[in-house]
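Please open the structure in a viewer and keep the sequence beside it.

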Amino acid sequence: MTSHLPILDIQNLSKFYGAVRAVNDVSMHVNRGEIAGLIGPNGSGKSTFFDCTTGLAQPSAGKVVLDGQDITGWSLNRIAREGRMLRSFQNTVTFKALDVEENLIIAGQMFTFPSLASTFGLGRLSRSRINGLRERARELIKMAGLWDVRHQQAGNLSGGQQKLIQFASMLMPEPKIILLDEPMAGINPKIIERVVETIQYANKSLGVSFLVIEHNIDVVTSICQRVVVLDQGSKLVEGLPQDIIQDQRVREAYLGG
Amino acid sequence: MTQTLTRRMLCISTAILSIAGVAPSLTARAYAADTIKLGIVAPMSGPNARYGGFSMHGAELAVKEINDAGGINGQKIELFNADSQGTPVEGVSATRRLIDQDGVDFIIGDVSSSVTLAMQPVAEDAEVLLLNAASSNPKITYQAGVGGFKWTYRNYPTDENRALVVAKYAAEQRGFTKFSVLSVDSDYGRSAITFTKKYLPDFKGEILSEDYYKEGEVDFRSVLAKIRDNGAQAIIMYGLADTTPIVARQMLELGLAGKVVLIGNGEFNTEKTIKSAPKAMEGAVEAAAWLPQYDSPASKAFVEKFTTTYKEAPNNHAYVHWDTVNLLAQAIKEAGTSDKNKVREALSKIKYTSPVGEVTFDDHNQARLPMILLQIEDGKPSIKGAYTAEIQYPAN
Amino acid sequence: MFSTIIEQVINGIVTGSVYAIVAVGMTMIFGVLRAINFAHGEYYMLGTFGAWFAIDYLGLSYEASIVVAVLSTTVVAYVVGQLVMRRMVGAPAESGVLATLGIALILQNTVIFVFGGGYKFFAGGYIEPVSILGFSLAQQRIIILVVCLLVFIGLELMVTYSRLGMAMRAVSQNIQCCGVVGIDVPQVVLRTFVLGAALASLSGVLTAPVNVSVYGGMGELITFKTLPIIIMGGLGNVRGTFYAAMILGIAESLVATYIGLQFRDTVGFATLILMLMWRPHGLFSTQARF
Amino acid sequence: MSLTDTAPQARRRDLRIPLAAVLIVVALAAPLIGTRYVTHSLIIALIFMLPAHGLNLLVGYTGLLSLAQAAFFGIGAYTAGLLAVHLNTPFYVNLIAAGLVSGAIALPLGIPALRLRSTSFVMCTLGFVIIGQAISKNWISLTRGDMGLSGIPKPYFELGPLSFAISGTTSFYYLALAVCVIGTLIAWALVRSPAGRNMVAIRENETLAESLGVPTWRYKLIVFMLSAAFAGVGGCLYAHYLTVVSPLTFQMYYSTTMLIIVLGGGAGMISGTVLGSLLFVGLTEALRVAPELRMIAYGFCLLVLVFWFKKGLAPLINRFWNAIGGSK
């Protein structure tokens, strides 16, 4: 556990779409227990980089090492299930027709049931596992301040509340690292605070590392310990948040686009 | 909201009412025994309705004639119809309903062989007389009479007899040796060809190509072009009545008319068909159980009456159903009662004179029917003879 | 041997052009509605019946019967469109399947109920064969080919230049934005639907002389022929549908010649499945709609 | 309706248990109360119930609209028919074999098909039915082609020294009822299990489910196979009941029938499918009063279903069920 290896180490990752180099030879890492930020102007390749890291897309070249294990080429679900690296999506997604509690239970299931076959069981073992999940779900629901709406359909809740469901869901499986894709997009400041709190709680109390794509510079400076800037598919600069916002190249990239 | 709720309530009550509609029918209606109840199972909806429509009309006409003449032994026939949609499940449901709810003792049906095969055990179980008038699968009577099902009778020729008659005539009278097959892809088309293949070597005939078309097929140009090029003298076609004109027209189109003739069965002889492509139909040879132009007073009267009643000319299905109702009527008359057991006995020994000739049943409850062989000459069917043959049943 | 292949290809093209006219209507309806129209063949049937009725009962000429058939089908399609299709905007795929199946049952069995189940004989048309380059074809088939080409040229122009065409493209691209820019989506759906149904009925009238038999259930078979075509053509893609119909027509023709007629109906779906394994998104890009 | 009748009462008793008991008694006593026609109709409902359960797993729970059910139904019917005719195997062997064969055949078909998106998937599954029919027509040495398999023996059991045959409608009803009860319980267990929750997750949002570690592809394949197995078992009942299997078994009519049952009853609910199959058979049989108008009326019923009962009838029944559940 005292390993000094980074939790996530991405080496020379590239993604080409035909002649277009969406991500070009980017290397970065996230240290254990760290909240790292990933910023860059629109179209700089952040999302593609995320997708390639988490298995939603396959990188054209490069290597992704998660907690010492090479996970390049794994599928999204395998990375989540076996690697315990979870990700969020830019537009908030929840299982809209299900209630909040069910949303969280689903999120925890694949980590509680050791094999696909075991998920088909309905015996006492399964029941006790599900009950365990339900308890954990309720704890997280309380923490996220969703207790009053826990039996409502997720789709009927506000965007901010759905965002919280999403976070709580990702905490269900006791992840090692969570990758957040613009978590603050389109939510009101009140919820932003709550999201920030949640992230910090997860980071401090649960020991989850984070890699966050975010446009809101205030949020980035307040939560991130280290920031990487992407521009036109390549890594522009890396450093402490306060240094980054002063950096001339970063300003040019944003303004000159 | 209120509006949608009321609307919903309305729908629910409609649904419940429609289900409740079944409820009164759950108890079998007790009818006075003054009518003879006859059920017809036929496809009346969907694509197969094109056969069921004629069947129904044929049977209706016969029933009307019989009732107008005072019924049988003083009893009138009451006709019940039930839709089989041409699928076994629906056919069996229809049969069950006729037996249990309408309380029929006699059923005529169905057109499609697989439906008839599924109906057989039901009729047997309920001891209801099942008269088949239009299915040609040999299995139906292989497993009837001494073969098993005592209550199934068939008043329709089997394909074997037909195949033999046609093959013999084509080879001996017309001198054909090279044949191409173009038949419908159903038990009827397939089994007719199987039997043709059994007999063809006896007449030194060979089959150059073999194609089966699916019901509703409309494009035969490819196959006809192949047949034109392979040098066949005749096309063996056991097909559907509504497809024959299409094939004839496309033969005309591809220049086959007058060079290759159609032989087999598929209403080659009706005015409609011949009119569609007179040149292509010239010389066609057909073995049919009946044809509208058949020169007998009873047949002519039927055609006339059917045409005036329904504003369209009868086809084979109409005739066989009309004829089968009459056959049943005579059996009831001979039995002297509408008791189904007695009628069944009477049917087994009946000597019924149809407009075409004498009909008797063999020990498999299969009618020995005269088969008319005809050839189209100068745009008109010309009858070349009538044949009756015994069926050779397989050993088991 | 070679001339046989050429002849079969020509046969295939002639068959393909019938499929093309029916399928293009279906694919346009899919484009705006995202629903598979299982009732589409029924409009083909209605067209044929309309023409048969005009000739047999009203004593009109074949040319006049075309007008009667297309107009009467348009009226039916308008009613169906108003009552049903308009309301299906944004409905899930399952509802689309059930609703169109329901319509198919109603149309088909109403025709059977009114005109009787028996098959009718279609008397009109130009069935005399003519010889072109040594291949014999009925005149009617040449008419079908020409009309098919005209229809497709017309549709290309309409889709590119007319207001309805542009609205159709807009709806098929992004239905949410249409409301914002002031396109009345249900109206576009209705018009597209009526146009598609009219084309299907036109195809029915044109093929009636060579297909001769007219009966209530004939539409179902056409529906099944066109389903694989619209998928292969890239759902909602007019030009793709044309090519797919031709490919299917030719493939059917070759299969009927060299393998056996009994496999003909399987060709469509077998080709479709093989193609989908090779290119899961259709032969022609779905992006390039209309 | 009873709902409004009991409304004025201040305290209502929980009527659910008595009602359930009544339903069970009715199910058990149905053949004794009704005519054989009623029993027969119920058997048809039971025959369609299992394939509909399978389809419900696929459409209602996993969100995959499939029309392939008739193909697997046909495969099951042929498997059972061939075994019974040629090897004269006992009923339970046929039943299991039909399910296994259908499920196994679904694997190679599902692998390419499940890669497709919505409409293409629907068409691909419809293609399976069309191709299945062509195979059953043309593989004559196995299926006897269009002649079909007829005279399929009555189901019989061979349990140790005990051996008995099911003949007659009433006993077949109990057999079908037993099979359906077991099938329904299996379906119920499936959807209640964590896997069932994962299926729902796939239906609701496949990418999200995937990102939460759900191996969606494998689940879809498994569910596709399971639904085929359910259809196969239904096919076995069909073959033994109708005693005839012909290429007509492979027709879209059956696929749409099962879809109507699932959606009419209420997709994503086990009770919905049970209700749907009874309702479907009740409706089609009730419409027999007017044979010529039957299918027209049926078509209108479909439209009513689509526009006014978007979620099927089960939600109404659920409401009723909760309403009789005693006072609040």
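Which residues in α9(C) meet α11(C)? To find them, note that residues are numbered from 1 along each chain as its sequence is written, while chains are lettered from A and ligands numbered from 1 in the order in which they are written. This is a predicted model, in which local features need pLDDT of at least 70 and side-chain atom pairs count only at pLDDT 80 or more, whereas totals for chains, interfaces and linings use all residues.

**First stop: two helices of chain C**

Select C:K225, C:P228, C:I231 and C:M232 in α9(C); they meet C:G268, C:F269, C:T271, C:L272 and C:M275 in α11(C). Here two residues are in contact if their C-beta atoms, placed from the backbone, lie within 7 Å. By class, this contact has six nonpolar, two polar and one charged residues. Ala, Val, Leu, Ile, Met, Phe, Trp, Tyr, Cys and Pro count as nonpolar, Asp, Glu, Lys and Arg as charged, and the others, Gly among them, as polar.

Two packed helices are described by the angle between their axes and the distance between the axes. Now select residues 218–232 of chain C for α9 and residues 264–278 of chain C for α11: their axes come within 9 Å and cross at roughly 20 degrees. Axes are lines fitted to C-alpha atoms, for helices over the stretch in contact, and angles run from 0 to 180 degrees between N-to-C directions. The crossing angle makes α9(C) roughly parallel to α11(C) (under 35 degrees is roughly parallel, over 145 roughly antiparallel, 65 to 115 roughly perpendicular and the rest oblique). The crossing of α9(C) and α11(C) is left-handed, a term used if the near helix is turned anticlockwise from the far one by less than a right angle, and right-handed if clockwise.

**Second stop: the whole of chain C**

Chain C has 11 helices and four strands. Helices (H or I, at least four residues) and strands (E, at least two) are DSSP runs, numbered from the N terminus. Along its principal axes, the C-alpha trace of chain C spans about 55 × 50 × 35 Å.

Show chains C and D together: 32 residues of chain C are in contact with 35 residues of chain D. On the chain C side, α4 (93–115), α9 and α11 each supply at least two residues. The largest share, 14 residues, comes from α4(C). By class, the side of chain C that touches chain D has 23 nonpolar, six polar and three charged residues.

Chain D has 15 helices and four strands, and its C-alpha atoms fill a box of roughly 70 × 55 × 50 Å, taken along the principal axes.

**Last stop: chain A**

No contact joins chain A and chain C, whose closest C-alpha atoms lie 15 Å apart.
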